[in-house]
Every structure is written in C-alpha cells, then in structure tokens.
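Hello,

Here is the structure we talked about handing over. Please look through it first; my notes follow below.

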Amino acid sequence: QTLISFKMNKIKFSSLDSTVLNMLYRFGEERNLRFALPLGYQLRYPLPFNAHRVKGYRGPRAMEFHIMGNHMRFNKPEVEKVMPADTFYFSIIRDPVALAESSFAYYKEVAPAFRKAKGLGDFVDDPNKYYDPRLCNNHYARNLLWFDFGMDNNANFSVELAQYGEAMIRQTFRLILVSQYFDESMILLRHALCWPLDAVVSFSLNARQQKSGTGRSQGKMLPNLSLTDRQREKLRQWNALDWYLYKTFNRTFWEDIDKFGRAQMEQEVALLRMRREILGRVCLKDGGKPVEAYRIRDKNIRPFQSGVVKILGYELQMIRPEIQYKDLLDSKQFPRAVQPQLGQQGQGLLAAGGAFVRHDSSRTGEKMMMGEAEMERERDWDGSRIMKSNQTLKGVREKERLR
C-alpha cells in the first residue's frame, strides 16, 4: 500500500511500493530536490508517523522538504508538520487477497499469526485460532490497508465505520491508484503531476520468487499460498474494511480513467511499455528479467532479503534497490555524515564543500550547477514540450527566481 503526498513542488509518501519509491527517488535526485529521510530506514513503522523521525527536522517550516518517502503509518497531523499546507496526497491500494498473499509470503516469520499457520489457507480457515491483536507485527495479518492509512485495523466492520474511513481518505487524498493496474496508474499519476513519460518508466522492484509452496529456500519450507475460491471469499470477509476500501476506490479509479479517455489511456500505456522495453534492453542484463540476488555480481545493488522468500533483483549497472538508494540520497543531503559505500554508480552528482554539482541532464532538458537551478522547459520522451507547468518543480522555480 502506498501513501504519497505532493505539494505543487513537494511529495510525501508512506509505506510505499518499492517501485514507486525508487521512481520518486530518481525524479527528486535528478532535480536536486530535498528528501525528508528517516533516521534509519523506516519512519518507526508500524508506529504512527512522528515528524521528529525525519532526519534534519527542526520544527514546522524550519526546513523545506520536497519529497518524503520510506515506510510509515500515516498520521496526518504529524505529516503536516513536515510538509506544506498545499500538499497533494495520492495513494496506491491493492486487492486485499493479493495483499494477504504478499504479506504471508514476506512476513510469515515476523507476524505471530502467520508463523503458527501451516499455510495461508490454513490461516484463512480459522483466523481467530492464530490471530491475537495484542501481539506485535500481527497488523500484517488483518486490514493492512486500513492500518497503513492510520486507522484501527481491529475495529468491527460496519457500513458506518467503512464510510467514515472512506470520507477521511477522500478529504486528504486527491488521487487513489490501483496496484493491479500499475501502468494505467502511472499514466494518471504523470498527468496529475505534469511529469514527462520517462519519469514514470520503472522496473518492478522487490518482486518475490514465484514457486510452489512445497519448495525450499535455505533449508526452510517456502510459504504455502494456495487458496480455494471459498478461502478467497473468507479472506475478503476477514479483511472487510480493506475490501470495502478496495471496491470503493477501484470504482473511482475507473471513473478517473473514463474522464481521461479509454482510447487515450490505451495509447499512453502502449507508449509506456514501449519505453520500458527499450530502456530495459539498454540498462538491464538477462533480457531485463529479474534474477535471484546471489546472481547479481555487484553486492551493493543486491535486494535486501527478509524471511524465507527470495527477493529478486536485476543484474545491471544503472539502478539501485530502495535501501541502497536511500543511503545514496542520505549521503548527498548530509555530506558530512559517514555513509556506507554504495558502489560506483555516481549518477553524475558530486558533493563539493556541501554544494551539489550536477552534470547536464539531456533527457529532461534541466541543468543543475553548484546547487543553483538553471531550468529549461520540461520535455517528454519524444522531445515534445509538456504543455502544463511541471507541478513538482513549479514552487522550486519560483523560489529560484526570487533569489
């Protein structure tokens, strides 16, 4: 599940899909924007977000942040201490059945409710047998979307409560996307933010290896994720608050696409996939297919492995998983701090006496020299001008002119 807030020149997100997070990292790094980074790797998730967990935070409006990322549990009053009042929020939601499968695969050894179950189907058949709301990390086992939006995931379902949660989300989030329709979501996102197409071209990160539940990894049985149709329905009932949110915002998602235009959407999705294929041939090895971490020769870009399930990555020269990317941004934003070695990918940005030096970026038409922005009009992948002002850079440019 993904939470992103975005000011006309600011972005913030919590518990974000790794692929989208790296996309935001890339966009912000290329434009020398300031990130609200955690003191560690997460903003004290699963505790509600607290502004003081942001590195460099010194109080409301004491420092300007453009992008806020990394896993968090949404807490609007605290987020508003870090991000400006005119922040634009958007979120990516996921089908609760698919989300439960992913959670069980990744967190079986972490969540007590999952650890005791032989398989996901076994858990679904009698969840109360395994689930104790008082135990740490059991939030992964019930209404995880509702939880990450900052609400009580153990509340009993009622239409009134579900509608209240829906209203709270609508009051804050201006765009709700659907993970199942990722490419369509990225097209809506790029038009909402007035970004060029290449800004939303991405390769799936932190994908898990797809094997049967009878396999083994490092001597341990892989999680059994098999479900019958009846168990899938029971899973939706167990996650009734999440299921309500998914049905509601899946409907509004397609309403947004109808407003955008189905024919136009099909055309832009085709362009997005074409660009991904072209860039995959240039940047990735093994035909652009994700591989097991041990096959990636550069240990600095191997994806972090958590639990039994193997997390796949890419054998390539020009991309990083989210943890390593966060370290890179941290070292650039706080150059005096001692940071771990991240490999040889410099991406054309050097720290010099606390100022950042960037080489010209021909893809975006933007130039950054010694921390001062020398902006040209944004251009799309085919060289055409983006007609509307790029919302993420709008405020930054205005401030540069005032200086």
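**Overall picture**

Of the 403 residues of the protein chain, 54% count as buried. Buried means under 20% relative accessible area, exposed means over 50%, and partly exposed is in between, with a 1.4 Å probe and protein chains only. This is a predicted model: local features need pLDDT of at least 70, side-chain atom pairs count only at pLDDT 80 or more, and totals for chains, interfaces and linings use all residues. Residues are numbered from 1 along each chain as its sequence is written, and side-chain values use heavy atoms, with hydrogens and water left out.

The protein chain has 14 helices and 14 strands. Both are DSSP runs numbered from the N terminus: helices are H or I with at least four residues, strands are E with at least two. Contact means heavy atoms within 4.5 Å. Among contacts in the protein chain with a separation of 6 or more, 68% are between residues 24 or more positions apart.

**Core and strands**

The largest nonpolar core has 87 residues. Such a core is a set of buried Ala, Val, Leu, Ile, Met, Phe, Trp, Tyr and Cys residues joined through side-chain atoms within 4.5 Å. Val54, Met68, Val82, Phe123, Leu177 and Met186 have the most contacts inside this core. Helix α11 (residues 240-260) gives the largest share, seven residues.

Leu177 is worth a click. Setting aside neighbours within four places in sequence, its contacts include Phe90, Ile92, Met186, Leu189 and Phe253. Leu177 is also the bridge partner of Ile92 in β6. Strands β5 (residues 87-93) and β6 run parallel and are joined by five bridges; two strands pair if DSSP finds at least two bridges between them. Five of the six residues of β6 (residues 173-178) are buried, so this strand is largely enclosed by the rest of the structure.

**Helix α3**

Helix α3 covers residues 96-107. Its 12 residues should span 16 Å at 1.5 Å a residue, and the end C-alpha atoms are 15 Å apart, which agrees. The expected span is 1.5 Å times one less than the number of residues.

10 of the 12 residues of α3 are buried, so the helix is largely enclosed by the rest of the structure. Among the buried ones are Pro96, Leu99, Glu101, Phe104 and Tyr106. Their cover includes α4 (112-115), α5 (120-125), α7, α10 (229-238) and α11. Asp95 caps the N-terminal end of α3, with a side-chain oxygen 3.0 Å from the backbone nitrogen of Val97.

**Salt bridges**

The count comes to 14 salt bridges. The rule is a side-chain nitrogen of Lys or Arg within 4 Å of a carboxyl oxygen of Asp or Glu. Some to check:

- Glu29 pairs with Lys332, the closest N and O atoms being 2.5 Å apart. Glu29 is in helix α1 (residues 18-30) and Lys332 in helix α13 (residues 322-333), so the pair ties together parts 303 residues apart in sequence. Glu29 counts as buried at 3% relative accessibility. Lys332 counts as buried too, at 9%.
- Glu78 pairs with Lys81, with the closest N and O atoms 2.7 Å apart. They sit three residues apart in helix α2 (residues 76-82), separated by about one helical turn. Glu78 is buried at 13% relative accessibility, whereas Lys81 is partly exposed at 34%.
- Arg134 and Asp132 meet at 2.9 Å, N to O. Arg134 is exposed, with a relative accessible area of 73%. Asp132 is buried, at 18%.
- Asp183, Arg273 and Arg276 are linked in a network of salt bridges.

**Backbone points**

Most residues other than glycine have a negative phi, and most peptide bonds are trans. Which peptide bond is cis here? The one from Tyr45 to Pro46, with omega near 10 degrees. Pro46 is in the loop between β3 (35-36) and β4 (67-68).

Arg44 is in the loop between β3 and β4. Its phi is positive, near 60 degrees. Arg44 is partly exposed, with a relative accessible area of 42%. Asn137 also has a positive phi, about 75 degrees, although it is not a glycine. Asn137 is in the loop between α6 (127-130) and α7 (144-148).

Best wishes

Methods. Polar contact = N/O pair within 3.5 Å; in protein donor to acceptor, adjacent residues only side chain to side chain.
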